[in-house]
Every structure is written in structure tokens, then in C-alpha cells.
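My entries are set down in the order in which I looked things up.

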Amino acid sequence: IRTPRGLPAFASGELLALPQNFGMIYLGENFSGFVTVHNDSQEVVKETIFKVELLTPSQRIPLLTIPPISQLDPGSCEERIIAHEVKELGEHSLICSATYTVHSTGEELFLRKFFKFNVAKPLDVKTKFFNIEVQC
């Protein structure tokens, strides 16, 4: 299972990939992504399970769990869109994992990749108070 061929934002030969710098994400924005599970091998794979989770400073949030795909033929894929409103500041990790069985050998394989990004404040307001004496 590899990334689709022909997409310029993906590095060829990588199992799971995101662009190195995909911009800033600010508190309150929606984190959205397009996820594809693509069988780029010559083998039929069975019982493919794909999960996407968001790890925040305080919790682990499941964003997507594709029910087991009974069979994924060579060159075929499953596609989904994920979205989540970011509600915490700090470092976040998008965790993508896939489990699948190679049909010809019966070997079960697992892969996981972490994509880290930081959530920043969209606006920072500072106030100062001064006492001014007015003489009349």
C-alpha cells in the first residue's frame, strides 16, 4: 500500500506522506485532509484496515476508521475526506496506520506514520492600564 502515483505533493516510493510544510494551523480552524489507501503492489491485499487519529496535548481523537476492506486489488484504492475543528494550542500529531494481509502469503503487515504540526494563537491581545491624573 503506497501513495498514489502522479500526485506532485507526494514523494514517490513513500508509504505514507504529507508535504514537509503544509502551512500554519490556528486555533479554531478546521484541519481537513484527503486520505487515500492505494494498493500500488502487484499483490491482492485483504482485510485492509486504515485509521487516522489526531493526538493533541491532552487527548487522542479518532478521525477515521475505515471498516475492513475485504479485498483491495492491485491499482485500486479507497478515498475519504477527514475534517476536525482544532480546539487546543500546542503540538499535534496526525497518526495514520494501516493493517493488511497479503493474499498470496497470508502475511499480516502493519505500518504507521506520524505527521507533526503546531497549532498557534490566531490573535494575541495585550492590555495595559495607566493611571492618569487630571488636574482641573
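**Strand pairing.** I began with S1 and S7, which run parallel and are joined by two bridges; strands here are DSSP runs (E, at least two residues), numbered from the N terminus, and two strands pair if DSSP finds at least two bridges between them. For Ile25, I found that the bridge partner in S7 is Val119.

**Basis of the entries.** I noted that this is a predicted model, in which local features need pLDDT of at least 70 and side-chain atom pairs count only at pLDDT 80 or more, while totals for chains, interfaces and linings use all residues. Residues are numbered from 1 along each chain as its sequence is written, and side-chain values use heavy atoms, with hydrogens and water left out.

**The sheet.** I then traced an open sheet of five strands, in the order S1-S7-S6-S3-S4 and with mixed pairing. Its edge strands are S1 (25-26) and S4, each of which pairs on one side only.

**The core.** Next I turned to the largest nonpolar core, which has 25 residues; such a core is a set of buried Ala, Val, Leu, Ile, Met, Phe, Trp, Tyr and Cys residues joined through side-chain atoms within 4.5 Å, where buried means under 20% relative accessible area, exposed over 50% and partly exposed in between (1.4 Å probe, protein chains only). Among the residues with the most contacts inside this core are Phe31, Val52, Leu63 and Phe117. The elements giving two or more residues to the core include S2 (30-38), S3 (45-55) and S7 (108-120), and S4 gives the most, with six residues.

Which residues does Leu63 touch, not counting those up to four places away in sequence? I listed Val52, Glu53, Leu54, Ile82, His84 and Leu94, a contact being heavy atoms within 4.5 Å.

**The segment after S7.** Last, I looked up Ile132, which lies in the segment after S7. Is Ile132 buried or exposed? Ile132 is exposed, because its relative accessible area is 70%.

Conventions. Helices (H or I, at least four residues) and strands (E, at least two) are DSSP runs, numbered from the N terminus.
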